[in-house]
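Thanks for coming. I'll take one structure today and go through a few of its parts in turn. Please have a look at it first.

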Amino acid sequence: MINTSLLIFWSSASNNNITSTSSIKNLPNLSWGIAWGTESKPICTSDDHQVIPQICSDGAGGAIIVWADSRGATYDIYAQRINSNGDVQWTSNGRAICAESDFQYSPQICSDDAGGAIIVWEDDRGTVDMDIYAQRVNSAGSIQWTLDGIEICGAIDDQNYPQIITDGSNGAIITWQDQRGTSNDIYAQRVNSAGSIQWTLDGSAICTKAATQKEPQVCSDGAGGAIITWADWRSLSHWDIYAQRIKNELPTSSHPADITTTKTGSETINWTLYDDCAGGLYRVLANDTSGNNYMWKNWTSWTNNITLNIPINRTVSGSFKYTIEYYDDQNQYGISDTVIVDISGLEISGYNILILLISAFISLAILKRKIKTNRIKQRSN
Ligand SMILES: [Ca+2]
Ligand SMILES: [Ca+2]
Ligand SMILES: [Ca+2]
Ligand SMILES: [Ca+2]
């Protein structure tokens, strides 16, 4: 039997509280029906107003819900997690995601793909205009980034209407409408799992055409980037719809010069890897004297624009190829790079060692014999 429920949330005009119920569709041979009783489950019923609820899955059959909340002196952002029975999992009436003294509103939420969520909102703290802030909360309701959120965009004039999706690496891609220029435009920013912004400070411009661009929506492009669409007044006579993709750039590698060195040299292969985000993993393959590849350095993390200084295998002389393979934090591979290393120096093979040992043994025997002969001569004298 298929038992699927759809969680539906609304804010009631009569009391401005957050309420939920389950779906109401009846299909033959399917078990559809409300699961939590006709009264629905209370999520937050505290005094004052709770509005603009938004929801995402908690990845465990329940959900995380966020809303704007006027219980304090100004609107704040609160959230609550519920399990599959609709029972609240965190502090009664929700935990504060941002209770900063100024105005926070228009929250949006996406899963962090780890049982928690990333939440974004408009925020007018400290200035006369709106900015964009975000916070990550884990499955237990503990905030993960700076108290009251990190700044996603603090540019002049208003930034409004944020939207958010997961970036597939426990971070998020966020877009909003932005009035920093002469007209409303569309900007976007990526934030990683640790709360560090990944693109240009205050966001990458998605569309800065004349006239108004507003109300963006965003979805993943399936490769670490996003596709964003919005309403556009560029015709100056009617609203149109436009879209743009912001893509995850593939990582790239420097190409260090080939190296000619000796067994006692000290050079390293100084690859540097670059990416539009934080980095990823790399490995180095080398070939042995038979030309077969082997793993010289297993998968290791790399950081954007930090030189790697890979040591060289100096145990035998010859010409060897070292090849770096690498990918970024979205598992997108860059083009591998190869450096040729020529090593010179005296070979001490097993055969040579045997010859040396035999020579030493013979020399020692001859020496002993000479000493013995001398002693006999001395006695006979
Ligand atoms: Ca507030
Ligand atoms: Ca602003
Ligand atoms: Ca514009
Ligand atoms: Ca990248």
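In what order do the five strands of the open sheet lie? This is a predicted model, and in it the order is 20-25-24-22-23. The pairing in this sheet is mixed. At the edges are strand 20, residues 259-262, and strand 23, residues 293-303; each of these pairs on one side only. On average, neighbouring strands of the sheet are turned by 25° against each other, with direction ignored.

As a reminder, strands of a sheet pair through backbone hydrogen bonds, either parallel or antiparallel. For one pair here, take strand 22, residues 279-287, and strand 24, residues 318-328: they are antiparallel, with seven bridges.

Next, the nonpolar cores. The largest has 47 residues. Ile65, Ile109, Ile119 and Ile174 have the most contacts inside it. Strand 5, residues 63-69, supplies six residues, the largest share of this core. Another core lies apart from it and has 16 residues, including Ile269, Leu273, Trp302 and Val339. In soluble globular proteins, nonpolar side chains tend to be buried together.

Last, confidence. The average pLDDT for the chain is 90, and 89% of the residues score at least 70. Which residues fall below 50? Residues 1-6 do, and that stretch has nine contacts in the model beyond near neighbours in sequence. Residues 23-27 also stay under 50, with eight contacts beyond four places in sequence. Where pLDDT is low, the predicted coordinates should not be read in detail.

Technical notes:
Residues numbered from 1 in each chain as written. Chains lettered and ligands numbered in written order. Predicted model: local features only at pLDDT ≥ 70, side-chain atom pairs only at ≥ 80, totals over all residues. Pairing = 2+ DSSP bridges. Helix = DSSP H or I, 4+ residues; strand = E, 2+ residues; numbered from the N terminus. Axes fitted to C-alpha atoms, helices over the stretch in contact; angles between N-to-C directions. pLDDT = per-residue confidence, 0-100. Contact = placed C-beta atoms within 7 Å. Core = buried A, V, L, I, M, F, W, Y, C linked by C-beta atoms within 7 Å. Buried ≥ 20, exposed ≤ 12 C-beta atoms within 10 Å, placed from the backbone.
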